[in-house]
Amino acid sequence: GTYLSFTTVANSTFTIVAAPGTYAYYCSIHSGPPYNSVSAMRGTWIVNGRPATTFAAPGAGTSWTGGVTRDIVFDLSDDNPLTSLTVWVNYSYGGGANRGTIAGPIAGAANPNTVPWTPAGFTAPDVVIEVTAVDAEGAKRTSLSVAFEVDSTAPTIAARSPAPNAVGVNRNRQVRVTWSEPMNTAATGSPSSFAVQRVSDGAWTSGTISWAPNATQMAFTPAAPLDPLITYEGHVNASARDDSDPGNTFAGPATWPFTTGTSADTLPPTVASATA
């Protein structure tokens, strides 16, 4: 077997540095050779490991919508039965400057362990979940999740093009909306969330929507040039939402008019100059 070796004197205190497990010990003065199972002053020493936590949720890239209940999911491990562990779950953000409690003390359970949480009242990109577990022998460990986002801020429209009440707009110009934050492109770019309408008869304009890589700008390209000297309206409603899960909705609806001119821009752009 594996033996622990140390030197001590009567009534002294000493520290054993060893991996968790069960070890045999003997007294080299009173048991001397052979040092085996029949030696005097021998016994068993158990080194108790600290509990540990492995997170399943939240994970890398997670963005949770504030005010919505989500499950923190984690696995516990320890030398003792998991039900004997005492667990606290807390959170921090802002580099640890802001802290709060979620649950605890609660008993550990068979894996996976699930703790519901409703984050609210803050928006931060660096939220960290902290799980502290203590076993029956007093061994303790605090484990941290990866940093993730909590978004409690509703998106707003930062800019529109053509601008509200613009006139002489090119008939094949894109209609663009710039958002205050990355959006859920599927929900926000659907015809039920964004559309262009001809004011004179209420007809909706067919076309396609594309997005900037960072999902903050959407561009509507009409399928055919818009009618000349006609007023159109851009429409965005409350089904538009940001890219958190399940998403903060836009406080819409919002509409704005613009009027076309007589011409269409058919000249492709060229690169006039380039520098390193």
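The chain has 1 helix and 19 strands, and the coordinates come from a predicted model. Of its 276 residues, 33% count as buried, and the accessible surface comes to about 15200 Å², with 54% of that area belonging to carbon and sulfur atoms. Among the contacts with a separation of 6 or more, 64% are made by residues 24 or more positions apart.

**The largest nonpolar core**

- The largest nonpolar core holds 21 residues, of which Ile72, Phe74, Val89, Trp117 and Ile129 touch the most other members.
- At least two residues of this core are supplied by each of the strands β5 (70-77), β6 (86-93), β8 (113-117), β9 (124-134) and β11 (148-151), and the largest share, 5 residues, comes from β9.
- Trp117 is in contact, beyond its neighbours within four places in sequence, with Trp64, Val68, Thr69, Arg70, Ile72, Tyr91, Ile102, Phe122, Val127, Ile129, Phe148 and Val150.

- Three strands form an open sheet in the order β3-β5-β8, and their pairing is antiparallel.
- The edge strands of this sheet are β3 (52-57) and β8, each of which pairs on one side only.
- Neighbouring strands of the sheet are turned by 30° against each other on average, when direction is ignored.
- Strands β5 and β8 run antiparallel and are joined by 5 bridges; within this arrangement Arg70 stands opposite Trp117 in β8, and Arg70 is also listed among the residues in contact with Trp117.

**Aromatic residues**

- A search of the whole structure finds 10 aromatic pairs, one of which is the stacked pair of Tyr91 and Phe122, with 5.7 Å from centre to centre and 5° between the planes.
- This pair links distant parts of the chain, since Tyr91 lies in strand β6 and Phe122 in the loop between β8 and β9, 31 residues apart.
- Both Tyr91 and Phe122 are buried, and both belong to one aromatic cluster that is formed by Trp64, Tyr91, Tyr93, Trp117, Phe122 and Phe148.

- Strand β17 (residues 217-222) is joined by 4 bridges to strand β14 (residues 175-179), and the two strands run antiparallel.
- Strand β16 (residues 207-211) is joined to β17 by 5 bridges, again with the strands running antiparallel.
- Phe220 of β17 takes part in both pairings, as the bridge partner of Val175 and as the residue that Ile209 stands opposite.
- In the hairpin of β16 and β17, there are 5 residues between the strands, and Ala215 takes a positive phi near 60°.

- Ala215, placed in the loop between β16 and β17, has a phi near 60°, which is a positive value in a residue other than glycine.
- Ala215 counts as buried because its relative accessibility is 13%, and the cut-off for this class is under 20% relative accessible area.
- Asn165, which lies in the loop between β12 and β13, has a phi near 70°, also a positive value in a residue other than glycine.
- Asn165 is exposed, because its relative accessible area is 59%, and the cut-off for this class is over 50%.

- The peptide bond from Ser161 to Pro162 is cis, with omega near 0°, and Pro162 is found in the loop between β12 (157-161) and β13 (166-169).
- That loop between β12 and β13 is also where Asn165 lies.
- The peptide bond from Gly252 to Pro253 is cis as well, with omega near 5°, and Pro253 is found in the loop between β18 (231-236) and β19 (254-260).

Methods
Residues numbered from 1 in each chain as written. Predicted model: local features only at pLDDT ≥ 70, side-chain atom pairs only at ≥ 80, totals over all residues. Heavy atoms only, no water. Pairing = 2+ DSSP bridges. Core = buried A, V, L, I, M, F, W, Y, C linked by side-chain atoms within 4.5 Å. Buried < 20%, exposed > 50% of the residue type's maximum accessible area, 1.4 Å probe, protein only. Contact = heavy atoms within 4.5 Å. Areas by Shrake-Rupley, 256 points an atom, 1.4 Å probe, with all protein chains shown as cover. Axes fitted to C-alpha atoms, helices over the stretch in contact; angles between N-to-C directions. Phe/Tyr/Trp six-rings, centres within 6.5 Å; stacked < 30°, edge-to-face > 60°.
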